[in-house]
Amino acid sequence: MPPVALPAGPRSENDDERALVAALRRGDETAFVTLVERYGASLVRLARTFVRDRAVAEEVVQETWLAVLNGIDRFEGRSSLRTWIFQILSNRAKTRAVRERRSAPFSSLASDGEDDAAAVDADRFRDESHRWAGHWAAAPSDWSHLPEERLLGQETLARVREAIERLPSRQADVIVLRDVEGWPPDEVCAALGISDGNQRILLHRARSKVRAALECYFAEGATG
Amino acid sequence: MTCREFVEVLTDYLEDAIEPCVRAEIERHIVICRGCSNYVEEMRSTVGLLGRMVAEDADGADGDAHGEQLLSMFRAWQAGRA
């Protein structure tokens, strides 16, 4: 320990990041392994929202790490290290997804800006002529009656994945970091460089679409 | 509040990013509207399922091979720098 008094309070994430950056610049393997353990799995999951194939996603992640290493000397710490890494991943995964688009029938590159879709289709509600305008015409059902193996089954999780893959990319970024990875909202805003309000709008649209996809799926089973 | 309005403010409600008076209105609506109370539960289940994707992902992963590739990549980078 240096003989000077350190500022009170716990060691901040910033200090921790600065130490990792300095160690990486020295070529320290432990620092690299620490970073991979911390962010590697999240990076693969985020990459898979753009490119479906796991092997391709891992390639994108590997390219991302190489870009991190090659760029570490130029990293100025204006954003957090994590934000910077996730930005590199996000850009590379999008580029790769464009290249692979022909083989993947998903619209995850749809523009978020043009997406002002309602959370629930308008025709699910009673129209203006009705006394109960704006109230449910076809109300959502109670999923708690579903058998657990159906509600939590592998096929259901596969549907969730497909629904995420069809989301516009910003919505996919937000829902993966918030609901799959469990990051708090402020960290998601920082990593993606978006405002809190924007983060909530993207989350709202994304969750609404995934819910709608599940509703479709569960309804198929009920009639089939 | 109509159900159509309700579904659009639900995320703000669940995220606790809403004016107290609107919150009270939402909570009243949930009590009186079966469809919307089902909708809230569906949304909670959806978020719960999303949280399970992490576990599902780990099952199918060959993390070791990927980790090995990353380590060789790192060593090649390190050697190039030295």
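User: Which residues of H4(A) are buried?

Analyst: First, the general idea: a residue is buried if 20 or more other C-beta atoms lie within 10 Å of its own, exposed if 12 or fewer, and partly exposed in between, with C-beta atoms placed from the backbone. Helices (H or I, at least four residues) and strands (E, at least two) are DSSP runs, numbered from the N terminus. In H4(A), the buried ones are A:Leu81, A:Trp84, A:Ile85, A:Phe86, A:Leu89, A:Ser90, A:Ala93 and A:Ala97. Keep in mind that this is a predicted model, where local features need pLDDT of at least 70, side-chain atom pairs count only at pLDDT 80 or more, and totals for chains, interfaces and linings use all residues. Residues are numbered from 1 along each chain as its sequence is written, while chains are lettered from A and ligands numbered from 1 in the order in which they are written.

User: What covers the buried residues of H4(A)?

Analyst: For this you need contacts: two residues are in contact if their C-beta atoms, placed from the backbone, lie within 7 Å. The cover over H4(A) includes H1 (13-25), H2 (29-48), H3 (54-71), H7 (169-180) and H8 (185-192), helices of chain A.

User: How many residues does H4(A) have, and what span does it reach?

Analyst: The expected span of a helix is 1.5 Å times one less than its number of residues. H4(A) runs over residues 81-100, which is 20 residues, and reaches 28 Å from its first C-alpha to its last, close to the expected 28 Å.

User: Why does A:Gln87 count as partly exposed?

Analyst: A:Gln87 lies in helix H4 of chain A. A:Gln87 counts as partly exposed because it has 15 C-beta neighbours inside 10 Å. Its C-alpha is 14 Å from that of A:Gln62, a residue 25 places away along the chain.

User: Which residues touch the most other members of the largest nonpolar core?

Analyst: A nonpolar core is a set of buried Ala, Val, Leu, Ile, Met, Phe, Trp, Tyr and Cys residues joined through C-beta atoms within 7 Å. In soluble globular proteins, nonpolar side chains tend to be buried together. Here the largest core has 48 residues, and A:Ala47 and A:Ile175 touch the most other members. Leaving aside neighbours within four places in sequence, A:Ile175 is in contact with A:Ile164, A:Leu167, A:Leu203, A:Ala206, A:Arg207, A:Val210 and B:Leu50. Another core, of 12 residues, lies apart from it; A:Trp136, B:Cys3, B:Leu10 and B:Cys36 are among them.

User: How many residues of chain B are in contact with chain A?

Analyst: There are 37 from chain B, in contact with 39 residues of chain A. On chain B's side, H1 (3-14), H3 (34-60) and H4 (63-81) each supply at least two residues, and H3(B) gives the most, with 18. To sort that side by class, count Ala, Val, Leu, Ile, Met, Phe, Trp, Tyr, Cys and Pro as nonpolar, Asp, Glu, Lys and Arg as charged, and the others, Gly among them, as polar. That side of chain B then has 14 nonpolar, 11 polar and 12 charged residues.

User: Where is A:Gly27 found, and what does it contact in chain B?

Analyst: A:Gly27 is in the loop between H1 and H2 of chain A. Setting aside neighbours within four places in sequence, A:Gly27 is in contact with B:Gln78 and B:Arg81. A:Gly27 is partly exposed, with 18 other C-beta atoms within 10 Å.

User: Which residues of H1(B) are buried?

Analyst: They are B:Cys3, B:Phe6, B:Val7, B:Leu10 and B:Thr11. The buried residues of H1(B) fall within an arc of 140° seen down its axis, so they line one face of the helix. After H1(B) comes B:Asp16, with a positive phi near 60°, although B:Asp16 is not a glycine.

User: Where is confidence lowest and highest in chain B?

Analyst: pLDDT is the predictor's confidence in each residue, from 0 to 100. In chain B the lowest mean is 86, in H3(B), and the highest is 97, in H1(B). Chain B averages 90 and chain A averages 85.

Methods:
Arc of directions from axis to C-beta.
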